Structure formats: structure tokens, C-alpha cells
Amino acid sequence: MGAVKTSVPGTIGMTALTGQLLPAVVVAIVGIGISLAASSLVRQWEEDRLRYKLEDRAITYGGVLAHIPEMYVDELRSIGALYAASTVVDRGEFRLFVRTILERRPGIQALEWIPRVRAADRTAYEKAARRDGFPGFRFTEHSDDGELVTAGLREQYFPVFFVEPVDGNRKALGFDLGSNPKRLKALERARDSGRPVATARIRLVQETGAQYAFLVFVPIYRNGLAAGTPEQRRDDLAGFALGVFRIGDMVEAALRQVPLSKDFNLSLFDESAGPKERFLHQRPARAGADGADRVADDGAHDGLDTVVPIRVGGRDWTAVFRPTPALIASLHNHYFPLFVLLAGLALTGALSAYMLRQHRRAQLIEHIVEKRTRDLRRVNRRISVLMNVAADPTITINRSGTIQSFNPAAERTFGYSVMEAVGRNISMLMPEPYRSAHDGYIGSYLRTGKAKIMGTPREVVGQRRDGSTFPMELSVANAEVQEDGDQFFVGITRDITERKQAEKTLREKTALVELLHDIAVAANAAASVDEVMQVCLDKVCVYTGWPVGHAYIRTSESLQRLVPTDLWHLDHGERLATFREVTEQTACNWGIGLPGRVLARGEPVWIEDLTKDSDFLRGEAADDAGLRTGIAMPVPVGSEVVAVLEFFSRQVLQPDQSLLQVLVNIGAQLGRVFERKRAETELTAKERALWERVTELRATQEALEEKSRELAAHRDHLEEKVAERTAEVQRQAEQLAQALEKEQELNTLQRDFVSLVSHEFRTPLTIIDGAAQRLVRRKGRVTPEDLVARTDKIRAAVQRMTGLIEGTLYASRLDAGTIRMERQSCDLKGLIREVCARQAEISQFHDIRVDVAGLPEDIHADPKLLDQVLTNLLSNAVKYAPDDPHIEVKGWTDGDFAAVSVRDRGVGVPADDLPRLCERFFRARTSTGITGTGIGLNLVKKLVEMHKGTIEVDSVEGQGSVFTVRLPIDLRDAGAPAQGTGDRATPVLTAVKGRLAT
């Protein structure tokens, strides 16, 4: 009998159950683990993707922002080019040049010219600014109280001399930046380095908001270029171009074209400043921003912030971009990791249930689970590798160049959907020649292992689905799965169109500055006008890329006609031969043809299409030569156009205002060369004429020397007789000259006296005669009152005539030396009050105010002569101030002198009459219609000179006069007194001055 196997039913059931559950449990454990791992990897991938997207978007905005300060500094450098290209820049040229800069750069508060002014030149600069329309201009500085005061004495100054716009910045005019230690330190750094230097943040006085500003100094040297050593730069320094930039407005203008306001909160910091002055500007997003979103003033930031460095005038700035919660929410998918986890768990549960239901297919299911587990691991590893190297747009390809994955960023960039891209060759994203060469790169790498494009970012051209191309930066990485040796490549691209455009703009700016500099250097070094015009033709054609440039010049015979020159710039001269021949045979009159229109207008003319302009005389020749657009620019000297430069392009172009402005500046530089050469030509002609005259004089001198040698033999025996005769002739000549002088003086005095008698004496005689005749006619009807009135008129006329006669006789006695000065102690105060009281009785209309408290008690003088002096001054004040009753008499002590002034508010004296005011019989133009002889002031002057004193006059026409007499307090200390003109006394000082009344 065979053995019979038995078993315990419970044991058999448990073993079978364990065999059925074990695979399901294993699958459940593995599935849960894989799901958790996949969820973790996806979560990490999602966080990295979010960070890369935020960083890439912030760097794009930061790249735009980083170029803005340099663009503003470039505008300051263009001012340096203006000064390098010009011998002298006046205020109008500076205003015209910076106007366009201010229009296109809204963040500029002011553009200023800061000259280096030595102490000896300070007065000249202040006067020049006042002549320019700033009457109160002076060099200023801040006092300890912060007030603007007149700058103290220094060896050199750095004042704000030009500023635009003037409105809002007028207070800055004249401020000496060298008086501020911080500003002076920045100026010295810029001067010694030869490069722009920026300051720390400042708060503008005129700022009404909360934004800060900063200053940038650009040094300008006399020769236009910075010398090799700091010592040479200090010697060559001419001044500085200064820009005052508002940080907030500058940032707003820079980011106006990008949607930053919806994405990021922006904060700017100055890393070169102290901890409390680092903060510069904060620009919150308009939507979704609150206090928690903004970066703190100390610059602290979290993991999602992007920091972009910016270099500004030698200072290190940083821009911190903090994303808004709305942006993070739009880019961050919080549910995708949970979805992966739930999907994995669901798949694991389904597999476990399926295994329980399909026990008979356990082995097959186990094999499938193992294979799919390996696939899942490989996919997870590829995803992990891809996410670690890719930021935006990311593409993977296999060894044959076929696209394996195509992320959403790549879809947006290239225009292909993932379904259209996957499975096609990567070369479809590239134009020729990149398309043909790409597969060769991969094949070469797989054969040799040498990477030509692997691991190194390089700039290539990408092609979108619509066929358009764009510049992009490409990075390619090689990836390999260790388990099965599967190899693929990951490509990361970035659209760099904006960066390329910024680089192009910078190149154009640099080319423009170089063009202006080259032409300025050529203008200063050119030996002839033709040479500098040829340089301009060549440089402008190279700058614009235009093939033709030509010069017309105004003829000397006619100011309204231009003739062609042989100065050309021609590319492909064979095709342009006919156009050149026609041009050189075409002269242009005022307003005719392209050059003639420029001559008439005095400004550039732009013709978009030469073939459609009926006023262009060479249209047929231009059409044959393939020329389409033409532009002509004037070369002005003052208000005249002396030459016209014309340029032609083969394309139809719209007017370019920036190019027109450049050509206007070039024309102005050429005009200065014409003006300088014209002056040199005139100087050369004068030098040649002078040399010819010198040659003639030398020939004459040689002839005279020959004659002198011939007469030398006769000279010796004649010298004694000639000397005696000469001495006798000199004595006779001196006697004759003295007699003639005396005769002329007597004749002059006689004519003057006759004229005086005929005019001044006739007036009172006429009054006397008229009054007497009226009394005779009315003898029977004369009343006592009428008799008294007529008698008073007669007495007044007689008194006037008596005064005229006495003044004339007194002057004659003074000339004859018969008036003697009797020195004695004189109460000057009492004498002044007595004369004033006497004059007040005569002139009751006038109010004479006397203030002589400051005079000494007595002086050593002749009171009678001083009475004449004071009486004449007071009577003149009354007579020449008929409409204003106020007369002021003041006295004070001035050192060793007693000073007395008489002020009136009458007709005054014209400035050009002041030097002759004290000449005898001279009367100013403003005295017309007022009686007088012109003797009084001459008498006053001589009497004051006899006292060794001085007389001064301050007068403004129409506002009145002030006569000031200064007399020595003690004549014994001043030497012997003068005795009239007979003693020929020389006055110590007689000053007649005219100054503006304050």
C-alpha cells in the first residue's frame, strides 16, 4: 500500500491564504512607497519649477532695469562730447542740446554744467552769468544754519553755472559744490579716475513725494580725453557734467513697458552706503500687495526673492524682486503632488484587488508589476534629472535627435503643441544653417565623446512655428540612466530678444558719441576746411551706412548761390559716375534744389523719395543710380549758411529726428571751423601786408642810413651851432606856447562870458523891463498890491542879476589869485545850519532836513569860503529839484576828514555828462529850461581844492543827485593852504563818480 498524505485543514487554508495575500501586500507596500516617492519628487519639481519661473521672469525685468542707469549716465557723457567738440559752449547751446535729453528721460531733475573756476576768475564768471539774464547770480554755499550765503574765499570753486530746466532749479545756480565735503570728495574721485561717479541717496528740496534722488558727476577735460595719470587729469580738468536723477521716476519710466506691476514688489538698495542709508526705492504691485509682501528697508528677503546686481557710477546697487501671492498662486500647482499620490494609491489598491481576484494569474501579474515598477522608476529618474537642469523652456531628445518631451514653456515660445513636437526632429526649431549642422554635432559627440555644444551656453537663432526667428541662448546637457544605459539630451533655451535690443541701442549710442568725438577732433586738427568736410562726409556715411555724401559751398561772388565741390564719399563709384557728373555741373540758387532749399531755410531738409520730389533737380540721375532718400544739412556761421552737406540712401526712409539733431550738431561744429579759417585767412592777409610794409620800411631805413653816412662828415662842425640854435628855438617855442595858451584861454573865457551875458543876463533885464512898462501903462490904475507885486519881481530880477555878476566876478578873482584863504577855527555845524536856514527863507516850497550831529565841534578852515561852497550846493539842489521838496543835508566824521552831503530828488545828471560837470560854463543836458551859468560847481570845486579836500557826486538821471564834500579837520596837518588858482595849488583828490542809486 502506498503512503497516504494527510494534512490539517486549518494549516492548508492558512498557507494558501498567505500565498495569496503576500504578493498583494508586497505590491501595496511598494505601490505606497512609489506613490509617496513620486509625490515627493513632483512636489520638489513643482517648487523648483516655481522658483525658476519666478527667477527667470524677475531677471528679465532686472535686465531691463540694470541698463537704465547706464543710459542716463550715457546722456551725461554726451554733454562731455559736446564740450569736447566745441571751443566755447554758451548758455543757449547748452539749453538746446539738453532739451531732447530732458524730454526722453523723465527721471532727470536737472542737467548742470559745473566749471572749474579759479579764485582769480570768480568775478568774471559772476558777471558773465548776470549778463546772461541772472542779475542776482553769485557763488554761494551753505552756512552752519543751512542758509545760502555768499561763498567764502577758496583757491578754486565748482559752481552750478548752467542748469536746465531753470524752473524749479533756480536756487541751485551759483552753489559751490566744492563747499560740501561729501560732494567735493565725489568730484575728486571722478576727476582722478576719469570715470562717472555717483553719490549716495539725497532728498531734493523741491521733492513733494517720498522718492530719493542721486547725483552723477562726469569729468570733462580741456582736450576732451582723460590723461594717463591722476596728476595730468587734475591739471587738464575743465569741469563736470552733473545729472540729478529722481530714482522713483527713473524706475517707473524703465518698467512702464513691462507688466511688473502685476507680478513683483520691487525694492532698490545701495550696497555701497551705510546700513541706515541703503534703502533707495520701493515699488509695490498695484494689486495683491500688502505690508507683508514688501521687502524690509534693511534688504532682508526670503527664498522666493530674486536679487539682481546693478552697477551705477562706481556704486553697487541691488534690485530685490518679491513675487506677489497672486503670481505665486498662478504659477504654483498645489494639487498636482496630491493628485500623483492619490493616483498612485488608487493604482496600488487596484493592483492589489486585482491580484486577489486573479490569483491564478499571480505570476503573470507579478511580472507585469515588476516591469511597470521599473518603468515608473526610470520615468521618475528622468523627471528628477530633467527638473534639476531645466528652468524654462525645456526639451529632451534622444540619440537620433527626436524630441521626447516638450514642456509648456517651449510650447509658448516656439508655437508648437506638445503633440506636434514630440516625435519630430529637433532641427525643425532652427533655421538654416543651424538646422543642417545640429545632427552633425550629436553624431560627432556620440562618436568622439568631445563636446562642442554640450554644457556651454551659446547664442543661436530659433525658429517659431510661423517661420519667424528670434535670438536665443541654448544650453545642452547629456543625461544617462544608469540601469539600462538609456542616453538622452536636455536642451534649455531662453529668449534674449530684449537683451539683444538693449545691446543694439547701446552700440548705437556708443557709435553716436564716437562720431561726434571723431568729428570734433578732426575739426580741431584740420589744416583746411576741405579736409574737415571730407572727414565729416566719410564719418556720417559710415555711421548711417549710406553710400553717397557730397558738399556744396557758397560762392564769394554771391551770397545766394551754392556751387558743387569735388568733395565726395562714394561707395561703388562706377554706378554713381553719372550722378556725380550731373551733380558737379549743377549749381543751386536760393530756394532752388535740395541745397538751395537748405540755404534759404537755414535748417536740414529730408526728402523721403527723390523720384517723387519735383523740386529735386537731379531726380533722373538719382533714379539711374538707385538713390531714393536724400538729406541735406546747413553749415552755419552766425546767421549765414556757408556750405551744405548732402547724403543719399538707396532705401526710402522716414525722417529720423535723432539723426537730424546729430547732423545739426555736426553742422554747428563745421561752422566754427569755417569761422576760424576765415579769421586765419584775414589774419594771414594782414600779416602779409604788414610784412610788405616792414620790408619797405627796411629799404627806406637802409637808404636813410646811407644818407646818414654821407652827411656824417658834415655833422661834427654843425653840432655846436645846431645845439645853440635848438636851445634858442625851444625857449622861443615855450614862450610862444605859453602866450598862445593864455590867449586861447582868454578867448574862450571871453566867448563864454559873452554867451552868458547874452542869455542869462537878458532874462532878468526882460523881467525888469516888462514890469516897468506895465507900471507905466497902468500908472493911473496901479493899486498898492499891484505895485508891491511888480516891485518884488523887479527886485528878484535885480537880485538874480546881482548874483550872476557876483558869481562871475568871484570866479574871475579866483582865477586871478586875488582871493586869499584865512584859516581859523570854524564851527562847521553852525555854518551849515545858518546856510540852510537862509536858503529855507528863500525857497519856502522845499523842506530842508539837516542832520549834522556826527560832525566835529570845529575844523580849521575859512568860514567865508565854506559859506560859498554850501550856498552853491544848496541853491543847486533847490533849483534842479523843482517837483520834489525834500532836500537832505547830512554831516559826519570820516577819519581825519569832515564829510558833508547834500541830496536832492530832482532831474539828476546823465552818466556821460558826469566827467565834465565841474568845468566852467558846462551844463548837463537835464538842465535845459532851468536858469544857470555853469559857474557854481566850478567855483565849489576850486574852493574845496583850496582846503585840500575832495568833492564827489553820485547821480542817476531822473532820480536825483548826492554831492559829498570831504574837508580836512585840521588844515595844518594837510600842509600849506592853496591861495586860489594864482598859487597853482594841486588838489589832493577830486573824484567825480556816477553810481546807481540803491
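Two strands are said to pair if DSSP finds at least two bridges between them. The views below are taken from a predicted model.

**View 1. Strands S28 and S29 run antiparallel to each other.** Strand S28 covers residues 886-894, and strand S29 covers residues 897-904. The two strands are joined by 7 bridges. Within this pairing, threonine 893 stands opposite alanine 898 of S29.

**View 2. An open sheet is built from 5 strands with mixed pairing.** The strands follow the order S26-S28-S29-S31-S30. At the edges are strand S26 (847-851) and strand S30 (950-956), each of which pairs on one side only. From one strand to the next, the twist averages 15°.

**View 3. Helix H20 lies across strands of the sheet.** The strands that H20 lies across are S26, S28 and S29. Relative to S26, the helix runs at about 175°.

**View 4. Helices H20 and H21 cross at roughly 40°.** H20 comprises residues 828-842 and H21 comprises residues 863-879; their axes come within 10 Å. The crossing in which H20 passes H21 is right-handed.

**View 5. Residues of H20 meet residues of H21 where the helices are in contact.**

Terms used: Residues are numbered from 1 along each chain as its sequence is written. This is a predicted model: local features need pLDDT of at least 70, side-chain atom pairs count only at pLDDT 80 or more; totals for chains, interfaces and linings use all residues. Side-chain values use heavy atoms; hydrogens and water are left out. Axes are lines fitted to C-alpha atoms, for helices over the stretch in contact, and angles run from 0 to 180 degrees between N-to-C directions. Helices (H or I, at least four residues) and strands (E, at least two) are DSSP runs, numbered from the N terminus. A crossing is left-handed if the near helix is turned anticlockwise from the far one by less than a right angle, and right-handed if clockwise. Contact means heavy atoms within 4.5 Å.
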